[in-house]
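Subject: Handover of a structure

Dear colleague,

Please find below the structure that I am handing over to you. I would be grateful if you could look through it before reading the notes that come after it.

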Amino acid sequence: MVITEVLEQAFGLRPVAVSPLGGEVDQNLAVDLHDGTRVVVKISPPGTDPDHLRGQHTLMSLAAQQGALDPVHVPTMVPSQTGDTVVELASDGTVRGGESVRGGAGARLVTVQGWVEGRTLSELNAHSVELLGELGGTAARMVHALASAKGLPTASSHHWDLLRAPEAVTDGIGAVDDRARVEQVRRIVSWFDDAMDRHRTELSMAVVHHDLNDFNVLARRGMDGRHHVHGVLDFADALYTVRVSELAIAVAYAMLRKPNPLSAAAAVVRGYAAELELTDAELAVLYPLAAVRLCVNAVTWTKRCAEGGTAYGQERMRHTWPAIAHLARTPPELAELVFREAAGATVAPVVPVAGEGALSVLGTSAGPAVDVRAHLHPVAELGARRSTVAGETATHRLGVELASAEPFKLFAPYDGVVEERDAVPEPLLILRHEGNIWSRWTGVTSTVSRGDRVAAGDVVGKAAVPSGVGVRVAVFRSAETARLVERALVPASEVGAWAVVSPDPQEFLGLGVRRSREGDGWTAGRVLATRDVHFARSQRSYYERPMNLVVGRGTWLYDEFGRGYLDAMNNVSHVGHGNPRVVAAATAQLQRLNTNSRFLYPGIAEYAERLTALLPDPLDVVFLVCSGSEANDLAIRMARQVTGRSDVLVVDGAYHGNTSVITGLSPNRYKGPGGTGPDPTTHEVEQPNRYRGRFGYGDPQAGPKYAADVQRQLDRLTQRGRPPAAFIAESAMGTAGSIFYPDGYLDHAYAAVRAAGGLCIADEVQVGFGRLGDVFWGFQSQDVVPDIITMGKPIGNGHPMAAVVTTREIADAFDTGMKYFNTFGGNPVSCAIGTAVLDEIAEQDLQARAAETGREFRSRLEQLAARHELIGDVRGHGMYLGVELVRDRTTKEPAGQEALLVSELMKDEGVLVYPTGSAGNVLKLKPPLTFTKRDAELFTDVLDEVLTRDW
């Protein structure tokens, strides 16, 4: 009898389509029904106990009824016509239900369950930290939901029983040909045996799902654009066993396909511990249990594939063996500490390993100086730049590194025994000392042999590398960890655990205590907490999980852990973070003179002359202020006073600053959340947006057509007897979403405004000083000359400095006798910095670099747009670009949440970008002009990888 007939006869269902699903033992089918719903049909092999199936169904019902897994869904069973959930298909084709179901010889059991929407975690090509946390929370809620199920019928044991893992490994290990893999598995099994011998009697027991693997957990995209855990499938492996096995299995499969499995596992543990407390014993066995589960998976499917297994088995192994190789090199004591920290459990305080001995260093002269690079301190040169996509960068040195300008010998600081001596892959020496301390020396050519006893002061080796390159020394509290560790650098997330496993060796070596690092004590968490106390909520920081920055160099920013972040968004640091010329100019001027701008000093005159030389005639009168907002405020005040009018035209979506006057002239603010609308004297003109507006990229007359709205507003105001004082427009719109005007727009708009007696103000706060590449000032791209120009942000490379430049005629008309004075605007230090910025732009030819790199950057972004539907538009000039994200290219629905998520994920990968625009869906790209083609390549590679992910 075909399955469609069984469904109709036994369950009263009317199938319209049947398609196969994967599975280890059962035959699983997805069946579409005539009413538009879908079910899963499971056909169990002969010999299956029907009571065992009913036990699974009871567990599923219990989980659903308790609602403990809400909003995580479990399948609901579809009863047969007899009311039972199990139907028997006998070998003769007879269908039986109810009490007649016995599971006889040759009979197959059929069950039907409701379809749960979602994609398995195995189908997702990436798992966010949030998703992994939800997986841990799901494991905890599953334990809670099944807590009352102790007496229900479940299997007493089976092949995947975690407590019988060594038996399963023994059964399959003979099929593994790779000797390295065999050794890795045996090492992990030994960890399991040791952990269970010590803690088994302390572990709580419970009925658990016992198979929260990546094929049995479903995720679904939510309204926030992220995937969230949505469903749990397949209760076939449910057991009464140690409770922590539920979490261990979830952790095991979460570590697959991860560049840093331990970090992924910690996220799962954190989510579990937020809902259910973990005992000390559970934390002690968790890592060996998770690791051994993967070993069972790998050897089982290796054996089954060798015996003619299916593609399902190949898929299960493909990612498991690489994970096992990584885990076999990760000491269990380290993993336990990482998990303890994630669970909020107490971690033993770090006790330095100390003694009376001292390290002696002998060179060719009377003792050359030795440079000590400290234990778990961010690596030299401010951290390694990321070289691969995905994963946390290792930035902290393990142990200390000793470097000298001359060759040197090394003496044992304490008595000990040589336990390891090797030359491959690099010179290595491990000594065991009293008190269960092991010292590991890397980069040393040993003069001792394995088993030798050495006394304090004995020569143990010499530098095995050219002079100037370091010897690494680390100490450990266990022999296994000393042998397993191959890394010189570790990621920041593991620093706390490594500090316990491998204490600071400096005191041990007689070198004193480690240096305190920059910003010590002011962690990201503490900084955030302090901001919450002392700053208003309106003063928001970037990112959901912000990094704690301490250093900037060039196009890179570095956090407290030495991790580098490529800065693609910060147009304030125009000539690069920490620019040496700018730093030197500021330092030198601070040492000589700094005072207010009413005193006479050469710097202010020199700077005014240098700045106005870059502007077209007749712009030659300078007002130096402290911020772009202040510059725009002064420009509006000037226009109103000179014209005797009050009304001002602004472009819809514009942002000009945060003073009271300028906020009222910034549609991006007064029309946004919390905005109270425009001032009565503010009048918007249509935004000349060629992607979203009425006149698109294909319209050669788009500029004049958009400018016609400026004329309409002028006519309307003039008819009302209120011609405007000014038209203020960014030369290219920034906060509105990197909007670039079509040719002719400003030319026609300026002509109309001037004909009505108004002034034209060019806001260059974000786009000036060569950023657009082909021109030095943004307004030059429109072939216009404004009456007033305002500058800010890049003018001082991060120093609070800004300017207003206008004509002599307007400046004189502004002078009615009331003094204009700005205490800090144009002070000697600001002028020295401003001059240094101009020198750097000129001497490094940064405008030309902006043009060349910008073309390359835009080309690479356009290539991404051809591959990713989320990218609706790429636009830009020079080093000022925008990538607009949309959910649908036809409707152009803004993808604001997606843009925020993309920015967060890119930050996690060490690349900084952030959304802008009225809908928050445009990635703004305004990096320092020192941005290189290699930087652009890195940015687009990371963006490509992030857009390819299943969030």
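The notes below begin with the chain as a whole and then turn to its aromatic rings.

This is a predicted model, in which local features need pLDDT of at least 70 and side-chain atom pairs count only at pLDDT 80 or more, while totals for chains, interfaces and linings use all residues. Residues are numbered from 1 along each chain as its sequence is written, and side-chain values use heavy atoms, with hydrogens and water left out.

The chain as a whole

The protein chain contains 26 helices and 40 strands; these are DSSP runs numbered from the N terminus, with helices (H or I) of at least four residues and strands (E) of at least two. Its C-alpha atoms fill a box of roughly 105 × 90 × 45 Å along the principal axes. Of the 951 residues, 55% are buried, where buried means under 20% relative accessible area with a 1.4 Å probe, protein chains only. Contacts are heavy atoms within 4.5 Å; among those between residues at least 6 apart in sequence, 73% join residues at least 24 apart.

As for charge, the chain has 93 positive and 115 negative side chains, and the centres of the two sets lie 2 Å apart. Lys (placed at NZ) and Arg (at CZ) count as positive, Asp (at CG) and Glu (at CD) as negative, and His and the chain ends are not counted.

Aromatic rings

Rings of Phe, Tyr and Trp (its six-membered ring) pair if their centres lie within 6.5 Å; planes under 30 degrees apart count as stacked, over 60 as edge-to-face and the rest as tilted. By this rule there are 16 aromatic pairs. Phe-769 and Trp-777 form an edge-to-face pair, because their ring centres are 4.9 Å apart and their planes stand at 65 degrees. Phe-769 is buried at 0% relative accessible area, and Trp-777 is buried with a value of 0% as well.

The pair of Phe-857 and Phe-939 is also edge-to-face, since the centres are 5.4 Å apart and the planes at 80 degrees. Phe-857 belongs to helix H24 (residues 846-867) and Phe-939 to helix H26 (residues 933-948), so this pair ties together parts 82 residues apart in sequence. Both Phe-857 and Phe-939 are buried. Elsewhere, Trp-191, Tyr-287 and Phe-339 are linked into a cluster by ring pairs.

Kind regards

Conventions: Buried < 20%, exposed > 50% of the residue type's maximum accessible area, 1.4 Å probe, protein only.
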